[in-house]
Amino acid sequence: MGDIGVGAKCINGAVAGIVGVTCIFPIDLVKTRLQNQQTGCTGTRMYSSLHDCFIKTLRQEGFRGLYKGYGVNVTLISPEKAIKLVGNDIFRALLSKNGEKLPMYKQLIAGGGAGLCQVVITTPMEMLKIQLQDAGRSTSLNSLRNMSAQGPSGELSSKLSPLLTRAYSATAAGSRTPTAIEITRELFRAKGILGIYRGLGATLMRDIPFSMIYFPLFAYLNQKGIPYEGGKATFGHSFVSGCLAATCSSISVNPIDVIKTRLQLIKQAKGEQCYTGIVDCAMKIYRNEGVSAFFKGASCRMLVIAPLFGIAQGVYYIGVGEFVLGINRP
């Protein structure tokens with residue numbers, strides 16, 4: 001990306017993250033709900049597809065419902081993307097000799113290093129986001145099961161309004177969905193710092209391989225759009241390169257992403273499986289739901305990750321940080 005300084009690169013990464021996550025957040029919420037849906041052991045299927053989940057969420061919870069968990073995500077995405085994008089640049093610079101092109105194994109190391117560093121922010125960010133994103137699904141599922149258990153009485157049916165599935169509103173039990181700050185406070189009180197790092201192992205198993213695939217592939221594709229030595233690719237080319245690289249990387253790690261999402265969910269709906277670790281989660285998913293369950297939300301994840309990284313890389317390489325800091329890049 002050129003020698004423009006870490007400060008400018010961090011601003012580029014932060015802005016890239018905010019722009020990207022704002023554009024794709026509703027699809028990310030749908031992905032989370034589809035991945036947490038346990039059809040094999042509960043017999044209740046809330047959503048049949050990406051489109052069905054999106055429409056039901058919009059109908060029951062309104063437009064704001066599609067952005068549950070956005071606050072914590074947009075707050076932490078800036079340092080997360082800055083660490084990831086800048087970290088890769090720094091590792092590549094450290095591993096290069098006199099600006100020579102990096103061999104593939106060094107590109108893999110640089111990408112893996114960036115993925116390793118980002119989990120400091122990614123793990124708590126996604127853990128908190130998942131609780132908020134899944135709140136509507138859990139509440140709706142509990143309401144449906146209560147209705148099935150008590151029969152189709154008019155009294156109960158009259159209580160089952162869309163309000164039951166709205167974030168931060170009354171649930172069937174009369175409680176409300178806690179905020180990210182309340183969840184964090186409770187986790188600190190109960191388990192200390194490790195509480196907000198629930199699912200750290202699974203996050204590492206996802207993000208390190210993802211970055212090892214993504215960054216070398218993006219570098220290769222983006223290089224094709226650089227017109228001359230020392231130049232840079234256009235926003236459009238970097239965007240497409242980011243989308244393609246992210247799509248390939250996303251498909252590769254989707255099974256561990258499903259496991260991570262399940263492990264990070266603190267409170268399951270009634271009748272859903274609980275998990276004690278990565279192996280236990282993988283075995284129960286396979287036994288109860290089959291191999292296809294490991295690819296739940298795969299299409300959503302591609303629709304999330306591809307534009308997120310496309311936008312992020314495009315904005316990152318435009319050079320917002322240089323503009324803010326008044327740096328002129330050739």
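**Salt bridges and helices in a predicted model**

Author: Start with one pair. Arg206 forms a salt bridge with Asp207, and their closest N and O atoms are 2.7 Å apart. A salt bridge here is a side-chain nitrogen of Lys or Arg within 4 Å of a carboxyl oxygen of Asp or Glu. This is a predicted model: local features need pLDDT of at least 70, side-chain atom pairs count only at pLDDT 80 or more, and totals for chains, interfaces and linings use all residues. Residues are numbered from 1 along each chain as its sequence is written, and side-chain values use heavy atoms, with hydrogens and water left out.

Reader: Are Arg206 and Asp207 buried or exposed?

Author: Both Arg206 and Asp207 are buried. Buried means under 20% relative accessible area, exposed over 50%, and partly exposed in between (1.4 Å probe, protein chains only).

Reader: Which residues are linked with them in a network?

Author: The network of salt bridges links Lys31, Glu126, Arg206, Asp207, Asp257, Lys260 and Arg301.

Reader: Why would such side chains pair?

Author: Side chains of opposite charge can pair when their charged atoms come close.

Reader: How many salt bridges in the whole structure?

Author: A search finds 15. One of them joins Asp52 to Lys56, with the closest N and O atoms 3.3 Å apart. Both lie in helix H3 (residues 50-65), four residues apart, about one turn of the helix. Asp52 counts as buried, because its relative accessibility is 17%. Lys56 is at 27%, so Lys56 counts as partly exposed.

Reader: What about Glu186 and Arg189?

Author: Their side chains meet in a salt bridge, 2.6 Å from N to O. Both sit in helix H7, three residues apart, again about one turn. Glu186 is partly exposed, with a relative accessible area of 43%. Arg189 is exposed at 57%.

Reader: New topic. How many helices and strands does the chain have?

Author: Twelve helices and zero strands. Helices (H or I, at least four residues) and strands (E, at least two) are DSSP runs, numbered from the N terminus. Of the chain's 330 residues, 49% count as buried.

Reader: How do H8 and H9 cross?

Author: The axes of H8 (residues 200-223) and H9 (residues 235-264) come within 8 Å and cross at roughly 170 degrees. That makes H8 roughly antiparallel to H9. Angles under 35 degrees count as roughly parallel, over 145 as roughly antiparallel, 65 to 115 as roughly perpendicular and the rest as oblique. Axes are lines fitted to C-alpha atoms, for helices over the stretch in contact, and angles run from 0 to 180 degrees between N-to-C directions.

Reader: What residues make up that contact of H8 with H9?

Author: There are 16 nonpolar, ten polar and three charged residues. Ala, Val, Leu, Ile, Met, Phe, Trp, Tyr, Cys and Pro count as nonpolar, Asp, Glu, Lys and Arg as charged, and the others, Gly among them, as polar.

Reader: Where does Pro26 lie, and is it buried or exposed?

Author: Pro26 is in helix H1 (residues 6-36). Pro26 is buried, with a relative accessible area of 11%. Pro26 and Cys300 are 274 residues apart along the chain, yet their C-alpha atoms are separated by 10.0 Å.

Reader: And Leu303, where is that?

Author: Leu303 is in helix H11 (residues 298-318). Leu303 is partly exposed, with a relative accessible area of 43%.
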